[in-house]
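Subject: Structure handover

Hello,

Here is the structure you were expecting. My notes on what was found follow below it.

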Amino acid sequence: MITRTALTAGLALMLAGHALPLAETASRGDKAARSDVNLPMVDPATRLATILARFDRAQEEIRTLQADFTEHKELSLLKEPVDATGRFYYASPDQAKWEYHAPDARVFLISDNTLMQYFPADKILERKDLRAANTNRLFKVFGFGKSSDDLRDFYDIKLGNEAQQDKGTYLLVLTPRRRALEKRISRVLLWVGEDDFLPRAMKYEESGGDFTHLTFRNLELNHELAANTFHLEIPEGVEVRDELKLFSSAKGSAN
């Protein structure tokens, strides 16, 4: 088993705007907007405002999301990069689950104002109860179902330079504007699709040089989720720890 690292702020910041490829949902109006955004006479401020307005419109339509994900993580504490795969589930306004399948099974769940992290092989469940206000704030930081104005509560948002853009995308650079967040996050790179104005990929960079890069595929938008999607079935013999620290990593524990 590889070294287990605790969930960091990046786990979800990688989710900002869901970081999901929705090109197949683009409408003719969106494609027209893409052309308008790309006109030479459009200044950067207007281009950014147009992209974020389209982003907000798409976010308003999201009720549920589920998708396969691939995560690439490079940490100074690890000799080699860690690649993981799994399935992501989200239900508006405040339920989300990351179900890791490989290389090791684990689940990170946000539901009913509770954070939970479950490691089946280690027989450990970590949990932390939150007030409703803190859950809402957490989803703002993470970007679940929130508008660009919500993200601006925590980040300055700018356009990246064209040389860094992937084909068919615009690059948004999110820089923390709050001291507590700035200590842990250097910036978030968000690649937004030209056709749908939704994120295609995200790279979360920590202030110490560590980073996490996520991509998503096989998106299902607004499909009904199973009734038990956000319920964890915990067998007997599992150690329950009433603590969950999101902003650090350690070997053998999620401290």
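Rings of Phe, Tyr and Trp (for Trp, its six-membered ring) count as a pair if their centres lie within 6.5 Å; planes under 30 degrees apart are called stacked, over 60 edge-to-face, and the rest tilted. On that basis, a search of the whole structure gives six aromatic pairs. In one of them, the ring centres of F69 and W98 are 4.6 Å apart and the planes are at 70 degrees, so this pair is edge-to-face. F69 belongs to strand β1 and W98 to strand β3, so the pair ties together parts that are 29 residues apart in sequence. W98 also forms an edge-to-face pair with F216, at 5.7 Å centre to centre and 65 degrees between the planes. Because F216 is in strand β11 (residues 211-221) and W98 in β3, that pair ties together parts 118 residues apart in sequence. F69, F88, W98, Y100 and F216 form one aromatic cluster.

On provenance: this is a predicted model, in which local features need pLDDT of at least 70 and side-chain atom pairs count only at pLDDT 80 or more, while totals for chains, interfaces and linings use all residues. Residues are numbered from 1 along each chain as its sequence is written, and side-chain values use heavy atoms, with hydrogens and water left out.

Buried here means under 20% relative accessible area, with a 1.4 Å probe and protein chains only. By that cut-off F69 is buried at 0%, W98 at 1% and F216 at 7%.

Next, the strands (DSSP runs of E, at least two residues, numbered from the N terminus). Two strands pair if DSSP finds at least two bridges between them. β1 (residues 64-74) and β2 pair in the antiparallel sense over ten bridges, with D68 opposite R87 in β2. β2 also pairs with β3 (residues 95-102), again antiparallel, over seven bridges, and there Y90 stands opposite A96. Three residues separate β2 and β3, which form a hairpin. Eight of the ten residues of β2 (residues 82-91) are buried, so this strand is largely enclosed by the rest of the structure.

R106 lies over the face of Y100, at 3.9 Å from the ring centre. The charged end of R178 is over the ring of F154, 4.3 Å from its centre.

Regards

Key. Buried < 20%, exposed > 50% of the residue type's maximum accessible area, 1.4 Å probe, protein only. Helix = DSSP H or I, 4+ residues; strand = E, 2+ residues; numbered from the N terminus. Lys NZ or Arg CZ within 6 Å of the ring centre and 35° of its normal.
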